[in-house]
Every structure is written in C-alpha cells, then in structure tokens.
Amino acid sequence: MATTSLPRRKLPEKSMSILLGGGFLVVAALVWQLAASLELVNPFLTSSPALIAGSLGEQIGSGLMLRSIGTSALELLIGFGLAGIVGVALGLVMGRYRYVEYVVEPYVWLLYSAPIVAMFPLMVLTLGLGSPTVIAITFLMSVVPVVVNSAQGVRNVDPKLIQTAISFGAGETALLRKVILPASVPTIMAGLRLGIGRALVGVVVGEFFAGDGGIGYNISYFAGHLGTTEVLASVFVVIVAGVALNVFARWLEGLADSWRTDLG
Amino acid sequence: MTQDVQELPRTTPPRVQRAQVTRKRRPWLPKVRARFVLGSVIVVLALWQLAGQTGVVDVMFTSTPSAILRAGIDMIESGELWANAQVTLFEYFIGLVLAVVVGVPVGMLMGWKLRLRQTFEPALVALYVTPSLALLPLVVLALGIGTASKIAMVFIEAVITIAVNAMAGIRETDPKLVQAARAFCANDRAVFGKVLFPSALPTIMAGLRLGAGRGVIAVIVAELYGGTEGVGLLISTYGQNFSIAPLLFLTLVVAIFGYAVSSLLRAIGTATTSWKR
C-alpha cells in the first residue's frame, strides 16, 4: 500500500474511506451486540443488532413490513408529488413576477417556520384520521423548499439570456419553456431534494400523530408497547429510506445537470 | 479545483451587473415590497374574518382572526402562555447550546482530519438525511416524558445539522490558502485560527441557523408527543378539545418565534462575516 505510483493514488484513498467508514459501522454494531450480550447495558432499553435483525425478519415474514412500507411510500409519493407540482408552478410564477412574490412571500415563510404537525387536530377534523391527514402534513412540510428554490432559480437566470430571447421575439410561453425552465433546473432539483427530506419527516411524524398504518405509525405503536427492538427495526427502515431517497435525488440532480457540464 | 477557478470569471460578470441593478432600484424597492406584503396580509385576514362571520366557511374548522386574537389575549392575561413558554424556552436553549458546544468542534475536527472524516462521515450523513424525529418514541422510552427527553430531541435535531455544516465549512476552505499559510511556516494552531476557522465561519453560522430552526420544531413535536408542560402540551390539550382558535394562536406564536430566531442568527452571521465580501 505504501508504494503506490502517483496516478493510482486515488484508488487506495477511496478504499480507505470505505474501509474506515464501513469499519466504524461494523465495530459500532459489534460493540453494541457485545455490550447487550454481556448485559453491560440494559437490553430492554438498548436491544441489540441481532434482536433487531430478527425482528426485521419477522416483520418481513408476516407481511407487516411490506404493508407498512407500502402505506408510507404511497403517502410520501402523493404528498411530495403534489408539493412538487404546486411548488414548482408557484415558484416559477413568484420568480418571474415580483408582485406575486411580494404577495405570497409572507405565507411561505409562515409555513416554513410553523410547526405543521401541531395543526394535526385541525386536519383530522376535516380529513379524518389516517392517510389523507398524513398526506396533507407531508405536502405542507415539503412544499416550501420547492417553492423557495424554484423562485430563486428563476431569479438567477442570466438577464442577458432573457433579454436576448425577448429581442428575438420570444413570447412568455417560449421564454418559460426554452430559457427560464432549463436554466433553473439545477436549483429546482436541489429544492426537490431538500423537499423530499422534509417530506419523509412529514410522513413519519404525521403517522406518529394521525396515522392508521405505516412505518411511523409502527414506531409509535411499538414504543407504546415498550418494544424497543421493534421500534429500532422500524427506525432502521426509516434510515435506509432516508439514505436511499437522498442518493436517488442526488443522482437525478446530476442527470438533470449533465448537459450543462458538457458545454463548459 | 481547476474547475472552480475556471468558473469564476464566467459567473462574475452577471453578478456584478445584478448588484448594480438592485442598487439603482433600492430607493423605492423595499417600500413597494413592504406595501405589498402588508396589503396581502390585511386582505387575507379581512377575507378570513368575513368568511367566518358570514358563515361561508365553518368557524369550527377555521376560526376567525378576531377569535384567535381574543384567545391569545386570554392566554397571555391568565399567564398560561408565559408559564408554559418558560418551560419550552428552557428546554430549547439548553438543547441548542449543547448542540453548538458539541456539534461545532466535532464537525470542524471531522473537516480537518481526513481519517476522522472517513471514519465518521457515513454514519453522520446517514443521520443527516434521516428524520431524527423518528427517534422520538425511543428517546421518550429511555428518558421519560419529562424535560430530559425534550432537551435530547432538540440536541439530536440540531447537532447533526450543525456538525455537518461545520465539517463542510472547513472542507470548502481554499486549499491554496492553507498551502500559502504552510509555506509561511504557520503551525497547526495558526492554520486553524487564521485560515480554516475564519473561512468556515459563514457555513458554520448557516448551520447554526438551520439547526436552530429544526430545534424549534423538535421541541414542539416532542412536547406534543408526550409531556407534562410546555407550549407543545398546551397545543396538544387544545387540539384534543378541538379548540381551534387557541391552537392556531399558539402555532402562530411558535412560527414567529422560529422565524425570529433564524432572522437573528442570519443577522449575526452577516455581521460576523461581513469582511468576507
């Protein structure tokens, strides 16, 4: 390892970070397992990796896991899908027309700072307990970053590009489709990535309070029955979902931006 | 890195132009903005009040601005708001201070030392993209429904964001600056104190602002989930009785508080890093 030629240097450095990063997770799991097995810590409170793996297997076997993931994924998809459509549309209009921005702005910031989950009784009253309320919470939580980034993306479009397009007789539709939208795609994608992170929070926390199924509901339910192992198994699923969604969003972001770097 | 340097001249001209444009418009711009914002808020409040009073919408679901105001005044006069806000503020600030004290040094150390970063970054990033509020029921199981679990939730929510940003801030430092400092025989302490830390400060401040915002939501959600006192519990109690006016008043108070905290941190951030521009 010591005698690596210069051009090859990148590879060992990369494997080093996988080794150290992965190693840390493995060591942490082993220490946890050992501490639980030797009863150095109270296994009732801390559970152990082996117990969690067993619980995951059990939940998958009984079909509960698939059903819960299905419920949560559907809520995420609808809530975030709506947030994406409404957020991008509103953001484009806000970024293009200054006065629309001024009029809508206070409510966007109010929505961003407000604890949306606190309003769940209100939503339960109108939408009922279960998925519709969770979808509403997810939508409200994830729409703001999409709106803010889309508006920012439009505002950051090089004014020369817009002036040129107008000089060549581009109408508002052509301007939007051919100049503004392509130029602001990277910023919009970044907003969508931030939005999906908040959407996941919305689904999990929404299900804590107003769900009738799904991963977040399971976490809250198992915690109510003092099942630390089952709670940790569900939390593990949430962590995997969070990482997977982020990796997917970053990949999409790279994809949407790939034509641009080709030009440079 | 060469890419960054190449990109600079390309992006600079439009930015310079943009700054000139805004400077020219500045005398009338804020005024127009304030007028529109104020007008929009007044119109919406008036329509809301009117819709409630004429029965176009059911007041039971939406309440009215006047009812919300009355509920707020009642809560302030009876001392109910302040008594609970004190508890929430205490939990929030202890959690946040702990998060800053732990998150900033840990993040900076991870940004600085390659081996440390390689070891802990995957775990930290996994937690960063995961809703840490998912840990709430677990934290309540471990620490009970009292103050400790709320402080822990604020800490967890804020510390991850703060550490990730502190790490990013150190890493974004221009390596040329570090090399130059080294060339002039700067030791570790000088490199850190005179190059890395000042360069990372804006990102660290942004992390504090984001962490503080997430902390507000965390403390309220934690109190909603189960508590003995605090603004979140108050919201939860009114929610269970479907008393919408006090519920909306308290939600508004929390939103304004969150907005104020992040505006304050933004102002502090700009003030402490104004030399950068």
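The buried residues of helix H11 of chain B are B:Val231, B:Gly232, B:Leu233, B:Leu234, B:Ile235, B:Ser236, B:Tyr238 and B:Gly239. A residue counts as buried if 20 or more other C-beta atoms lie within 10 Å of its own, as exposed if 12 or fewer do, and as partly exposed in between, with C-beta atoms placed from the backbone. Helices (H or I, at least four residues) and strands (E, at least two) are DSSP runs numbered from the N terminus. Because eight of the 10 residues of H11(B), residues 231-240, are buried, this helix is largely enclosed by the rest of the structure. The cover over these buried residues includes helix H6 (120-127) of chain A, and also helix H5 (80-112), helix H10 (188-225) and helix H12 (244-272) of chain B.

The model is predicted: local features need pLDDT of at least 70 and side-chain atom pairs count only at pLDDT 80 or more, while totals for chains, interfaces and linings use all residues. Residues are numbered from 1 along each chain as its sequence is written, and chains are lettered from A and ligands numbered from 1 in the order in which they are written.

**Chain B and its domains**

Chain B contains 12 helices and zero strands. Of its 277 residues, 37% count as buried. Two residues are in contact if their C-beta atoms, placed from the backbone, lie within 7 Å. Among the contacts in chain B with a separation of 6 or more, 74% join residues 24 or more positions apart.

According to the domain assignment, which is automatic or taken from a database, chain B divides into domain 1 (1-57) and domain 2 (61-276). Six residues from domain 1 of chain B and six residues from domain 2 of chain B make the contact. In the classes used here, Ala, Val, Leu, Ile, Met, Phe, Trp, Tyr, Cys and Pro are nonpolar, Asp, Glu, Lys and Arg are charged, and the others, Gly among them, are polar. The side of domain 1 of chain B that touches domain 2 of chain B has three nonpolar, three polar and no charged residues.

**The interface and the nonpolar core**

Between the chains, 42 residues of chain B are in contact with 45 residues of chain A. On the side of chain B that touches chain A, the elements giving two or more residues are helix H2 (29-53), helix H6 (114-128), helix H7 (136-143), H10, H11 and H12 of chain B. H6(B) supplies the largest share of that side, eight residues. By class, the side of chain B that touches chain A has 31 nonpolar, eight polar and three charged residues.

A nonpolar core is a set of buried Ala, Val, Leu, Ile, Met, Phe, Trp, Tyr and Cys residues joined through C-beta atoms within 7 Å. The largest such core has 120 residues, and those with the most contacts inside it are A:Val204, B:Leu136 and B:Val221. Neighbours within four places in sequence aside, B:Val221 is in contact with A:Pro115, A:Val117, A:Val205, B:Leu133 and B:Leu136.

**Helix pairs in chain A**

Axes are lines fitted to C-alpha atoms, for helices over the stretch in contact, and angles run from 0 to 180 degrees between N-to-C directions. Angles under 35 degrees count as roughly parallel, over 145 as roughly antiparallel, 65 to 115 as roughly perpendicular and the rest as oblique.

| Helix pair | Axes come within | Crossing angle |
|---|---|---|
| H8(A) (residues 159-167) and H9(A) (residues 172-210) | 10 Å | roughly 170° |
| H4(A) (residues 64-96) and H5(A) (residues 98-113) | 5 Å | roughly 125° |

H4(A) is thus oblique to H5(A). Their contact is made by A:Leu90, A:Val93 and A:Met94 of H4(A) and A:Val100, A:Glu101 and A:Val104 of H5(A). By class, this contact has five nonpolar, no polar and one charged residues.

H8(A) and H9(A), by their angle, are roughly antiparallel to each other. A:Leu161, A:Ile162, A:Ala165 and A:Ile166 in H8(A) meet A:Leu175, A:Lys178, A:Val179 and A:Ala183 in H9(A). These residues divide into seven nonpolar, no polar and one charged.

**Residues with a positive phi**

Most residues other than glycine have a negative phi. A:Leu226, which is not a glycine, has a positive phi of about 55°. A:Leu226 lies in the loop between helix H10 (215-224) and helix H11 (228-263) of chain A, and is exposed, with 11 other C-beta atoms within 10 Å.

B:Phe242 lies in the loop between H11 and H12 of chain B and is partly exposed, with 13 other C-beta atoms within 10 Å.
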